[in-house]
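Work through the exercises below with the sequence and the structure open beside you. Try each task before you read its solution.

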Amino acid sequence: MTIPPAPSPASVLASPTPVTPASGDRGDRLRQLVGSPRLAFVLRRLLRAVVSLVIVLIASFFLVHLVPGDPVRAALGPTVSPEAVEALRRELGLDLPLGQQFLDYLRGLVTGDLGVSVTSQRPVGATLAERLPTTLLLSVISFVVAALGAFPIGVATAVSSRSGRHRAADLGASGLLGVLIAVPNFLLAVLLISVFSVGLQAFPPAGWGQPSQVVLPVIALAVGPLAYLSRIVHVEMLRVLDEPYLTTARSKRLPNQILYVRHALPNIVAATLTAGGVVLVGLVAGTVLIETVFVIPGIGSTIVSSITAKDYPLIQGVVLVYAILVLAANLLIDLALAALDPRSAIAEA
Amino acid sequence: MSTRFTRTLRTPAGITVMIGGVVVLLATVFGPVLFGEAATARDIAGRQQGVSLEHPFGTDELGRDLLARVIVATRVSVLLTLGATGISVIGGVLVGIIAAVLPPVARRLVNALIDILLSFPWLLLALFFSVIWGTTATGAMLAVGFAGIPVFGRLVSTLASSVAGSDFVHAARILGSSPLRTSVRHVVPNILPPLLVNTASHASVTLLSFAALSFLGLGVQAPEYDWGRLLNEGARRIYVDPMAAMGPGIAIVLTGVVFSLLGALFSEKRSNRTLRALPRRSRAETRAIPTVPEAAPVVEAVDLRVSFRSEDGGLVERVHGVTLSVAPGEIVGIVGESGSGKSVTAMAAAGLLGPDSLVESDSLVFRGIDMTREPTSVEKRRLALEQAMIFQDPLSSLNPSLTVGRQLREVSEIHGRMSRSAAAARAIEALTLVRIPDAARRLRQLPHEFSGGMRQRAMIAMGLMGTPRLIIADEPTTALDVTVQRQVLRALRDAQRSTGAAILLISHDIALVSGFCDRVVVMRGGRIVEELAADRLDDARHPYTRGLIACVPDMGTDRDKPLPVIDAEPPSGREPGTSASTDPTAEHTEVVA
């Protein structure tokens with residue numbers, strides 16, 4: 001009977017779910033204005049994404065200015081002459097008035113000019129364009145694996161634990177999911193390398209490009225989200241299976257697959273998608289760790305090396321790209337929610 | 001409260017937390033004193049050793065014992081975690097309280113900002129802040145701490161605004177207490193328990209964040225070391241000695257589990273209990289009723305008993321030996337107060353009780369189908385077509401995600417082997433019969449576009465899609481207002497007339513039942529107390545039935561006197577063997593292993 005009770009999804013979800021008490025009346029007003037609750041929901045989320053983007057732009061611009069002391073001196077080290085420090089300061093535009101700097105920054109963004117890396121002397125934009133696809137690919141594959149795996153696992157465990165016929169297997173599955181949620185991805189990555197690369201020599205421990213090099217990073221990145229989403233699907237299925245409308249469906253003696261797929265699944269979409277948003281965003285951030293462990297040339301390993309090297313133009317660029325990725329992931333989930341969920345989440349959001 | 005807490009500590013999770021907590025505490029306080037020497041003693045000859053008895057985790061590149069280093073690193077790891085968690089909590093409480101006392105517009109802005117910050121994962125926020133505060137232990141502590149502020153800001157702001165709406169805070173404000181003073185005096189003590197729970201769980205997240213930052217080389221720098229730093233150094237030589245990486249990894253995971261279990265214990269949430277499946281049983285040896293003579297009852301139950309698994313794992317019997325039969329076309333009402341077992345009896349007859357129930361009977365037959373066992377596919381098809389169900393809450397008995405049309409067509413398409421268009425035509429007929437206008441358009445709508453009474457009539461229409469022989473209506477009008485009740489009853493009556501189906505109407509309202517039914521069955525405490533024709537209710541002999549009838553006010557009721565009240569209900573659920581009951585049926589309650 002000793003199962004490690006993993007953090008309950010409800011409590012994990014509880015904190016990041018926005019429960020703005022004030023948003024209700026504002027939402028109603030907007031809904032009345034545009035007529036459709038779905039359109040109002042999409043407009044509100046778009047507005048929020050735009051506001052977030054503005055905040056992100058301001059934050060990434062001021063990042064350099066918030067560093068205590070002299071960032072240029074810190075970047076170049078104590079041995080470089082004051083003249084060289086002054087030269088770099090001028091090159092980065094840090095000697096200009098703050099307003100002028102911000103305008104230049106915005107103008108640069110529009111034209112795709114993100115400055116030049118202090119360490120490699122290459123344009124930041126070029127580095128990002130070269131490395132972003134890798135990170136995107138890694139995130140998307142991992143998310144697809146997690147999402148596709150979570151539904152069958154969550155549904156199967158929920159159906160099984162509700163029937164109560166396989167108590168030992170249910171406890172085992174629940175315990176295993178709990179452990180997989182609790183193990184941090186970088187630790188899992190190290191474990192995978194030691195077992196599959198060092199021990200079994202089945203997969204390469206590092207690099208990117210070959211299909212075999214994709215396997216371990218994707219497992220390391222996807223397993224935690226997969227277990228977490230499975231838990232959400234499990235809990236949601238248990239809730240829906242006890243709903244009166246499922247008794248109605250059972251009274252029609254429908255085949256099990258219709259009962260679960262047609263009658264139960266659509267009703268867990270909203271909650272699962274909301275959780276999926278948290279997972280997707282966490283997964284995007286997780287690439288920082290996974291790319292570092294597996295030495296993958298994406299923007300995740302770039303952010304770490306640029307912070308270590310105090311390469312501020314590069315840091316600014318990567319931070320901005322990551323933030324935009326997060327905003328895009330959130331918006332994507334919101335749009336999917338608007339498209340797939342007929343009523344509940346939109347009405348409440 | 002304290003007894004509940006000590007009980008919690010005796011659970012497996014509680015014992016794990018206590019043992020784990022003591023180990024972490026001891027390692028934090030005494031680790032550096034006891035193992036500091038071993039952790040720093042260099043042994044160039046014995047460097048980069050693998051696992052051995054002398055060095056269970058091996059040694060590092062300077063020959064230092066890694067187990068000792070992991071133990072010594074506990075102090076730095078735990079203190080940094082506590083420091084960062086402290087920053088998150090204090091910062092979050094300040095932000096939340098400030099948001100709570102601000103004027104509405106400003107509060108909304110702060111809340112929106114918190115929402116936006118919350119949409120970024122902690123790692124990105126921590127990386128952002130670590131750019132500002134530098135890649136040192138202190139910088140990482142500030143970074144991880146600040147990254148957690150939005151979480152607690154949101155928590156405190158939500159809790160504070162819920163407390164701020166409560167009466168005693170209003171009272172304090174009326175008495176002239178300033179907003180800030182009100183917050184500190186009244187709000188803070190009330191949000192403390194949930195804050196405590198979240199602090200413990202968040203400490204686990206913080207620990208992992210720290211490990212991640214140090215692992216990336218952005219946290220604690222050599223020669224200092226925490227678990228993340230050790231993991232970083234271990235991962236570099238994973239080919240030589242996997243234990244060098246696994247050792248600190250184990251320490252991180254176990255400590256993380258202790259923190260998150262601590263949070264779970266504080267909140268002490270009841271997990272979803274899983275129940276062992278209970279079988280349906282027929283006490284009769286063999287059943288052979290192959291033919292269905294037209295005069296045979298639609299439903300016949302003999303000595304039906306239904307038990308449910310209780311919270312503590314025992315069995316509680318809710319229906320104690322009910323014998324009931326419904327003739328073809330007959331309208332039978334079952335009345336009784338809530339808990340009398342009337343719904344359970346009907347659901348057992350329909351074979352729709354959940355897996356946590358145990359159904360026993362000498363016989364339970366629906367039109368020749370033995371309902372005590374799993375039906376065959378042919379029987380399933382007949383049940384689907386010949387039984388119709390209407391439940392109490394029309395808001396939740398239709399699937400909110402599927403159009404009404406789809407839910408109506410389903411039985412005809414799957415069991416009636418009709419084409420989609422034929423089923424749709426039949427659905428229009430059915431909706432028209434229950435007097436829902438504009439049926440074709442209505443079929444394309446989702447249930448939430450229907451009113452409550454219309455949804456209930458749609459449920460009746462759904463039952464008409466097959467060839468119903470029995471309509472079970474479980475409190476079909478209880479959730480509806482009086483005018484709508486009449487429409488639903490009329491639809492039910494129309495359905496009965498057009499199909500000749502029998503109706504089993506379950507209600508607590510004896511006036512409604514006597515007006516609608518041919519025969520009334522009165523249930524109380526899980527057994528039938530009286531059965532009589534609906535038009536002869538005045539002849540009721542059982543005091544309970546007479547009590548039920550007396551409760552119904554009519555034009556002649558003396559309004560100066562209170563309505564009669566029925567004595568407290570006898571317990572329908574009885575723990576087997578808990579008391580030496582004088583009740584003759586008590587001997588039938590049995591424990592099922």
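A residue counts as buried if 20 or more other C-beta atoms lie within 10 Å of its own. The model used here is predicted.

**Exercise 1. Describe chain B as a whole: its elements, its buried share and its contacts.**

Step 1. Chain B holds 19 helices and 12 strands.

Step 2. Of the 593 residues in chain B, 48% are buried.

Step 3. Take the contacts in chain B between residues at least 6 apart in sequence: 68% of them join residues at least 24 apart.

**Exercise 2. Find how many residues of chain B are in contact with chain A, and say what kinds of residue they are.**

Step 1. The contact involves 74 residues of chain B and 70 residues of chain A.

Step 2. On the side of chain B that touches chain A, helix α10 (residues 243–267) of chain B gives the most, with nine residues.

Step 3. Sorted by kind, the residues on this side of chain B are 44 nonpolar, 22 polar and eight charged.

**Exercise 3. Compare the record for the transmembrane regions with the model.**

Step 1. For chain B, an unreviewed UniProt entry places the feature "transmembrane region" at residues 12–35, 76–102, 109–133, 139–156 and 243–266.

Step 2. In the model, residues 12–35 of chain B are 100% helix and 0% strand, with end C-alpha atoms 31 Å apart. Residues 76–102 of chain B are 96% helix and 0% strand, and their end C-alpha atoms are 39 Å apart.

Step 3. For chain A, the unreviewed UniProt entry gives this feature at several spans, including residues 136–159 and 208–229. Residues 136–159 of chain A are 100% helix and 0% strand, with 35 Å between the end C-alpha atoms. Residues 208–229 of chain A are 82% helix and 0% strand, with 27 Å between the end C-alpha atoms.

**Exercise 4. Locate the largest nonpolar core and the residues in it that touch the most other members.**

Step 1. The largest nonpolar core has 160 residues, and A:A189, A:Y322, A:V326 and B:A126 touch the most other members.

Step 2. Helix α3 (residues 66–101) of chain B supplies the largest share of this core, 17 residues.

Step 3. Leaving out residues up to four places away in sequence, A:Y322 touches A:I299, A:I303 and B:L124.

Step 4. Another core, of 82 residues, lies apart from the largest one; among its members are B:V322, B:V365, B:L443 and B:A491.

**Exercise 5. Is strand β4 (residues 331–335) of chain B mostly covered or uncovered, and which strands does β4(B) pair with?**

Step 1. β4(B) is mostly covered, since five of its five residues are buried.

Step 2. Check each face. B:I331, B:G333 and B:V335 are buried on one side, and B:V332 and B:I334 are buried on the other.

Step 3. β4(B) runs parallel to strand β10 (residues 502–507) of chain B, joined by five bridges. In this pair B:G333 stands opposite B:L505.

Step 4. β4(B) also pairs in the parallel sense with strand β11 (residues 519–524) of chain B, over four bridges. Here B:V332 stands opposite B:R519.

Definitions and conventions
Residues numbered from 1 in each chain as written. Chains lettered and ligands numbered in written order. Predicted model: local features only at pLDDT ≥ 70, side-chain atom pairs only at ≥ 80, totals over all residues. Contact = placed C-beta atoms within 7 Å. Helix = DSSP H or I, 4+ residues; strand = E, 2+ residues; numbered from the N terminus. Nonpolar A, V, L, I, M, F, W, Y, C, P; charged D, E, K, R; others polar. Buried ≥ 20, exposed ≤ 12 C-beta atoms within 10 Å, placed from the backbone. Pairing = 2+ DSSP bridges. UniProt positions renumbered as here; feature names shortened; annotations may be inferred. Core = buried A, V, L, I, M, F, W, Y, C linked by C-beta atoms within 7 Å.
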